[in-house]
Amino acid sequence: MALTLKECRERLDALGRVPLGFYPTKLHRLERLSRELGVDLWIKREDLSGVSLFGGNKVRKLQYLMKDAIAQGCDTVFTYGATQSNHVMQTATAARRCGLRPVLYLGAIVEPKPGDARANFLLDKILGAEIHVLPSLGRSTRETMEANRPLFDEHIRRLAAEGHKVYDIPVGGSTPRGAAGFAECFVELMEQSAALGLKPDFLCLATGSGGTLAGLAAGRAMTGASDVSIRGYTVGRKDPGSYPAGIARLAGDVLALLGLPQEKVQPGDFTVRFDFFKPGYERPSSEANADIRLLARTEGIFTDPVYTGKGFHGMLEDIRSGAIPKGSTVVFLHTGGATALFSEPEILGDLAD
């Protein structure tokens with residue numbers, strides 16, 4: 001049975017969070033692109049979530065994760081990602097804000113050049129995080145981390161022997177507690193839409209580790225907003241056979257954490273598009289870069305070539321093809337990551353052309 005928005009808020013508040021960002025994030029209309037594309041296109045600005053200039057969608061997850069870390073008496077936070085990971089940088093920021101020590105293990109899909117720290121990798125250094133760079137050897141970030149799990153476990157045991165307690169956050173912060181942040185985001189969007197007299201038909205976003213998409217799907221189930229179609233656009237290679245099922249399981253775990261075990265999420269409750277990540281994670285696409293320039297030149301808003309830009313491009317292609325029909329009301333979730341615009345040339349591709 002669907003909960004009211006007030007009841008949803010009460011369950012999320014009971015879970016507990018540390019206030020790290022500035023919410024609600026702005027929801028506004030893309031006036032010029034709406035006219036050009038023939039849809040009513042809105043953007044929700046998770047990129048402006050704070051607390052620094054470099055906020056993004058991970059801040060919502062980290063509010064819940066840092067609360068849990070503090071409650072467990074942890075003094076150190078471990079997390080994992082690519083060298084230019086938004087999640088890693090935002091985790092290091094959140095840890096510092098909470099008085100915890102960040103330890104980062106980074107997979108070098110694009111190898112940082114000595115003496116030339118850029119973008120998120122530079123911010124990690126400014127934050128004073130303990131950084132360990134691991135060769136990717138052609139593997140995905142998740143595969144790199146799985147291969148090195150014994151190394152991480154040994155590091156955690158060594159710290160425990162020294163009297164430290166580690167809070168271990170997986171790639172993307174995509175645990176049930178972390179993903180609950182995006183159940184909250186969906187509730188917030190429904191509150192904003194009601195205030196504006198807006199009825200979204202589609203909610204679109206880039207998806208990687210899957211916690212954001214799972215949280216939104218859980219929020220949709222909580223609120224009973226079955227008329228909102230959620231569409232996620234993958235930013236790396238995913239298995240179409242297992243990825244949606246994993247998202248649905250994580251969404252179900254979020255609902256169980258919130259005391260709603262009777263609510264279920266099925267893979268058919270959302271759409272995943274696997275067509276727009278190529279040539280790969282942290283590998284630029286000329287087509288996506290063209291739509292990054294389009295958004296900048298029509299609305300003055302920047303997205304990045306790794307994550308949000310590819311999701312935005314996928315959404316535009318679905319609008320152009322009619323998969324998202326003309327006249328629809330569409331919300332795009334801007335998940336942040338514009339720091340990648342200042343990263344290595346291998347990540348940027350032809351973006352400046």
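This is a predicted model: local features need pLDDT of at least 70, side-chain atom pairs count only at pLDDT 80 or more; totals for chains, interfaces and linings use all residues.
User: How do I read a nonpolar core, and which residues touch the most other members of the largest one?

Analyst: Look for buried nonpolar residues joined through their side chains. Here the largest core has 44 residues. Phe186, Leu203, Leu216, Met222, Ile230, Val265 and Phe270 touch the most other members.

User: Which elements each supply at least two residues of this core?

Analyst: They are α1 (5-15), α8 (176-196), β7 (202-207), α9 (211-223), α10 (243-257) and β10 (329-334). The largest share, nine residues, comes from α8.

User: What does Met222 touch?

Analyst: Leaving out residues up to four places away in sequence, Met222 touches Ala2, Leu3, Cys8, Ala183, Leu255, Leu258 and Leu260. There is also a second, separate core of 20 residues, with Leu30, Leu294, Phe312 and Phe332 among them.

User: Now pockets. How is empty space found?

Analyst: A probe the size of a water molecule is rolled over the atoms, and this shows where space is left. In this model the largest pocket has a volume of about 870 Å³. Its lining counts 39 residues. Ser140, Thr141, Arg142, Lys238 and Tyr281 lie nearest the centre.

User: Which element gives the most to that lining, and how do the residues divide?

Analyst: α6 gives the most, with four residues. The lining divides into 11 nonpolar, 17 polar and 11 charged residues.

User: What about the second largest pocket?

Analyst: Its volume is about 340 Å³. Of its 18 lining residues, Arg142, Glu146, Val171, Ser174 and Ser209 lie nearest the centre. α10 provides the largest share of this lining, five residues.

Notes: Residues are numbered from 1 along each chain as its sequence is written. Side-chain values use heavy atoms; hydrogens and water are left out. A nonpolar core is a set of buried Ala, Val, Leu, Ile, Met, Phe, Trp, Tyr and Cys residues joined through side-chain atoms within 4.5 Å. Buried means under 20% relative accessible area, exposed over 50%, partly exposed in between (1.4 Å probe, protein chains only). Contact means heavy atoms within 4.5 Å. On a 1 Å grid over the protein atoms alone, a cavity is a set of points where a 1.4 Å probe fits but cannot get out, and a pocket is an open set with protein on both sides within 12 Å along at least five of seven lines; lining residues have an atom within 4 Å of a point. Grid points are joined across faces, edges and corners, and a volume is the space filled by probe spheres set on the points. Ala, Val, Leu, Ile, Met, Phe, Trp, Tyr, Cys and Pro count as nonpolar, Asp, Glu, Lys and Arg as charged, and the others, Gly among them, as polar.
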